[in-house]
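Here is a friendly walk through one protein model. Have the sequence and the 3D view open as you read.

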Amino acid sequence: GHLVSYLHTWDNCRELWDINKDAFIRRYERAKPLMSKFDADISRYSEVANNIQKEETVQTIQFVLLDCQPLKFALLQHCNEWQNKFTTLLSEMATNKLNDLVFFLNDNCEKL
């Protein structure tokens, strides 16, 4: 009973590992999000990571001593992976837009 209810306290982090990161990022890219959306999503994972860090690492539930360090470490890794996916996508999208701009400028310079 008590152990199960304690495990459910981590359910608010479930999306970190439940969602297929690559599929999500592909859908995200198709939505062509604004920079502010990227910023909000990257910041959100920093906030989630900070909240995970604040959780007690060692818990005593009745006569059981739980060491949550491996769980916290794994969740922080997921936060880091999410942030890396977003920043990589942002970099790729910005690079593509800049390349398009360079092509446009070169093309129009030749026409002048």
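## What covers helix H5

The buried residues of H5 have a cover that includes helix H2 (14-18), H3 and helix H4 (35-54). Covering here rests on contact, meaning heavy atoms within 4.5 Å. Helices (H or I, at least four residues) and strands (E, at least two) are DSSP runs, numbered from the N terminus. Lys-72, Leu-75, His-78, Cys-79, Trp-82, Gln-83, Phe-86, Leu-89 and Met-93 are the buried residues of H5. A residue is called buried under 20% relative accessible area, exposed over 50%, and partly exposed in between (1.4 Å probe, protein chains only).

A word on the model itself: it is predicted, so local features need pLDDT of at least 70 and side-chain atom pairs count only at pLDDT 80 or more, while totals for chains, interfaces and linings use all residues. Residues are numbered from 1 along each chain as its sequence is written, and side-chain values use heavy atoms, with hydrogens and water left out.

## The length of H5

How far apart are the end C-alpha atoms of H5? They are 63 Å apart, which agrees with the 63 Å that its 43 residues should span at 1.5 Å a residue. The expected span of a helix is 1.5 Å times one less than its number of residues.

## Where H3 meets H5

Two packed helices are described by the angle between their axes and the distance between the axes. For helix H3 (residues 21-30) and helix H5 (residues 69-111), the axes come within 11 Å and cross at roughly 35°. Axes are lines fitted to C-alpha atoms, for helices over the stretch in contact, and angles run from 0 to 180 degrees between N-to-C directions. The crossing of H3 and H5 is right-handed; a crossing is right-handed if the near helix is turned clockwise from the far one by less than a right angle, and left-handed if anticlockwise.

On the H3 side, the contact is made by Lys-21, Asp-22, Phe-24, Ile-25, Tyr-28 and Glu-29. H5 contributes His-78, Glu-81, Trp-82, Lys-85, Phe-86, Leu-89 and Met-93. Sorted by class, the contact of H3 with H5 has seven nonpolar, one polar and five charged residues. In this sorting, Ala, Val, Leu, Ile, Met, Phe, Trp, Tyr, Cys and Pro count as nonpolar, Asp, Glu, Lys and Arg as charged, and the others, Gly among them, as polar.

## Two residues of H5

Is Gln-83 buried or exposed? With a relative accessible area of 17%, Gln-83 is buried. Gln-83 sits in helix H5 and is in contact with Ile-42, Tyr-45 and Ser-46, leaving aside its neighbours within four places in sequence.

Asn-84, also placed in helix H5, is partly exposed, with a relative accessible area of 41%. Asn-84 and Thr-9 are 75 residues apart in sequence, and their C-alpha atoms are 26 Å apart in space.

## The strand pair

Strand S1 (residues 58-61) and strand S2 (residues 64-67) pair in the antiparallel sense over four bridges. Strands pair if DSSP finds at least two bridges between them. Thr-60 has Leu-65 of S2 as its bridge partner, and Gln-59 has Leu-66 of S2.

The hairpin of S1 and S2 has two residues between the strands. One of the loop residues is Gln-62, whose phi is near 55°, a positive value in a residue other than glycine. Gln-62 is exposed, with a relative accessible area of 58%.

## Leu-3 and Leu-66

Which residues does Leu-3 touch, not counting those up to four places away in sequence? They are Ile-61, Val-64 and Leu-66. Leu-3 lies in helix H1 (residues 2-8) and counts as partly exposed at 34% relative accessibility.

Leu-66, in strand S2, is partly exposed too, with a relative accessible area of 23%. Beyond four places in sequence, Leu-66 touches Leu-3, Tyr-6, Thr-57, Val-58, Gln-59 and Ile-61. The C-alpha atoms of Leu-66 and Asp-100 are separated by 54 Å, with the two residues 34 apart along the chain.

## A positive phi at Lys-32

Lys-32 is placed in the loop between H3 and H4. Phi of Lys-32 is near 50°, a positive value in a residue other than glycine. At 63% relative accessibility, Lys-32 counts as exposed.
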